[in-house]
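Me: I would like to learn how to read a few features of a model. Could we take them one at a time, with the general idea before the case?

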Amino acid sequence: MAVRVSAPARLHFGFCNLSLSHERLYGSLGVALAEPRTVVTAAPADSVVCDHPDAREHAERAVDLLDVPGVRVTVEEELPRHVGLGSGTQLALAVLKAVARAHDCDPHVRERAPALGRGGRSGVGVAGFERGGFVLDAGHPTERFTARAPEPGGWTVPEIAARHELPDDWRFVLALPDADPGRHGDAEESSMRAAVEDADPGVADSIAGLVVRRVLPAAAEGDRGRFGRAVAELGRLNGQWYADEQGGVYRPPAGAVVDSLRESPAVSGAGQSSWGPAVYAVTDATHAAEVRLAARDALDDADCDGRVRVVRPDNTGAGYEHNPNS
């Protein structure tokens, strides 16, 4: 039975702690987005057939994990790669779910994500795939940190510590500069470990108060203004940990775009998603057109080309349908 899976992008606002001085490490915050999306179709086959290199690798692993004969996989839509929207995780999980549903199996996404190399440090991508919404994950005990990254499958996905659906009238304006991709793969591992080994524990103390007193209450109450200001401050504090690795509190040219967007009275908060270069601004449906223009101007002020999108939060996660072409 043919199946189509559609998975949301996500924003990654930052971590609660990178310091080895505290007992919990990481603990990420982020939100699922209704657009852009990863869309994958799959149908049973006698072997793995797929012309997308990354999707084929995920499909081969999924076939082994699920113990099914084979699958034909097509990637219909994919997220911009390595810009801070979670492209790798959403593709891997969408393929897993499509292969499983095509063979009438339960994908057990959270359980099997580590075998696909996903969900080890941050649980936001897996949680967003599962149910969408705003998510804070619980991180890992600091004792589990090792100087070398564990092999795929050698971890569990962090549990969800808090999740809230966000109001339908909230909007996230995305400014996507035409710039070098964000850190990923071995380069990301190296940069993250360098940041952890040098992280100031005082930054984590500031973030803890920010999350408890500002971010979580604003998400629970649907207070967009407080939420936007709080996640923007969270990103700025996180940037102190990464400054040596990415060339500043925000990586160029994201920092210039963030600074410009913050000048707009219609923006309640702006920041960089993950390693960038994607920049987000928090606003509402009434002011979305105004902030779209501000984002366009911000890219021009930073002297870089790029794309601007206005998107809703996604409160449901990945969906699927059988026989999509019938």
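Me: Does Ala278 count as buried or exposed?

Reply: This is a predicted model, in which local features need pLDDT of at least 70 and side-chain atom pairs count only at pLDDT 80 or more, while totals for chains, interfaces and linings use all residues. Residues are numbered from 1 along each chain as its sequence is written, and side-chain values use heavy atoms, with hydrogens and water left out. Buried means under 20% relative accessible area, exposed over 50%, and partly exposed in between (1.4 Å probe, protein chains only). Ala278 has 2% relative accessibility and therefore counts as buried.

Me: Where is Ala278 placed, and with which residues is Ala278 in contact, leaving aside its neighbours within four places in sequence?

Reply: Ala278 sits in the loop between β9 (269-272) and β10 (279-284), where strands (E, at least two residues) and helices (H or I, at least four) are DSSP runs numbered from the N terminus. Contact means heavy atoms within 4.5 Å; with neighbours within four places in sequence set aside, the partners of Ala278 are Val83, Leu85, Ala175, Leu176, Pro177, Gly271, Gln272 and Ser273.

Me: How is the packing of helix α5 and helix α7 to be read, and at what angle do they pack?

Reply: Two packed helices are described by the angle between their axes and the distance between the axes. The axes are lines fitted to C-alpha atoms, for helices over the stretch in contact, and angles run from 0 to 180 degrees between N-to-C directions. Helix α5 (residues 185-198) and helix α7 (residues 224-246) pack at about 130 degrees, with their axes 9 Å apart. Angles under 35 degrees count as roughly parallel, over 145 as roughly antiparallel, 65 to 115 as roughly perpendicular and the rest as oblique, and α5 and α7 are therefore oblique to each other.

Me: Which residues of α5 and α7 meet?

Reply: From α5, Ser191, Met192, Ala194 and Ala195 meet Trp241, Tyr242 and Glu245 of α7.
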